[in-house]
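Open the model in your viewer and keep the selection tool at hand. The tour goes one stop at a time.

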Amino acid sequence: MLLTIIYIIAITAEAMTGALSAGRRSMDWFGVMLIACVTALGGGSVRDVLLGHYPLTWVKHPEYLMLTCAAAFITILIAKWMRHLRNIFLLLDALGLIGFTIIGCQIALQMGHGFIVSAVAGVLTGVSGGILRDILCNDVPLVFRRELYASISFVAVICYWVCLEIGMSLELTVIFTLVFGFALRCIAIYFGLEMPKFIYQDDDSDSASSTDRH
């Protein structure tokens, strides 16, 4: 029940952030609805397709699809006030990231997969929706160039796995992982923590730039 509530909150928040991204690209209402649905439900769909877990979540529960569309429509109506809710959305997104990660990990484990596959499933569920959103909006995915995000999802998977291995009950495992992962994400946001970046410039480009300067 706890994860279901968190899942509903998460897909609603993700749908609204997706709608805002579509609005920044001046998309029509259909584009807004599509980006919102992809952002909110894309991660679970990618996971289910890769694992062969059918039916897809939104096919089994079409009410989730209706919820994301409703959230996108509400976002259109209240867009001018959304900037004041940025911090709230960051917290909801952090909660959703860990919730999605746990759900993805659980599904993989229920299908009989081991740690590696469950870890991949958890991280994919947590971050794929945002990646698809940014690709469709012609942006470099934020998960590849901003604060710690996918790495925190992976740490949450490790936490979840360890808790189960030491014999902790499923309910306590879910709660502990949620609190631990959420706290890590909030710390990363507050301090602006980032993964090391790989910056490469082609030598030919550097030479051309030097020639242009001369």
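**Stop one: the nonpolar patch**

Select helix H4, residues 62-77: with three residues, this helix gives the most to the nonpolar patch. Keep in mind that you are looking at a predicted model. Now show the whole patch as a surface. Trp 29, Phe 73, Ile 74 and Leu 77 make it, and it covers about 410 Å².

Zoom in on Leu 77. This residue sits in helix H4. Is Leu 77 buried or exposed? Its relative accessible area is 51%, and exposed means over 50%, so Leu 77 counts as exposed.

**Stop two: Leu 51**

Move to helix H2, residues 29-51, and pick Leu 51. Its relative accessible area is 18%; buried means under 20%, so Leu 51 is buried.

Which residues does Leu 51 touch, leaving out those up to four places away in sequence? Select Ala 108, Met 111, His 113, Val 117 and Ala 121 to see them.

Next, draw a distance from the C-alpha atom of Leu 51 to that of Ser 151. The two residues are 100 apart along the chain, and the separation is 21 Å.

**Stop three: the annotated spans**

Notes: Residues numbered from 1 in each chain as written. Predicted model: local features only at pLDDT ≥ 70, side-chain atom pairs only at ≥ 80, totals over all residues. Heavy atoms only, no water. Helix = DSSP H or I, 4+ residues; strand = E, 2+ residues; numbered from the N terminus. Buried < 20%, exposed > 50% of the residue type's maximum accessible area, 1.4 Å probe, protein only. Contact = heavy atoms within 4.5 Å. Patch = residues over 30% accessible without salt bridge, like charges linked within 9 Å, V, L, I, M, F, W, Y side chains within 5 Å. Areas by Shrake-Rupley, 256 points an atom, 1.4 Å probe, with all protein chains shown as cover. Salt bridge = Lys/Arg side-chain N within 4 Å of Asp/Glu carboxyl O.
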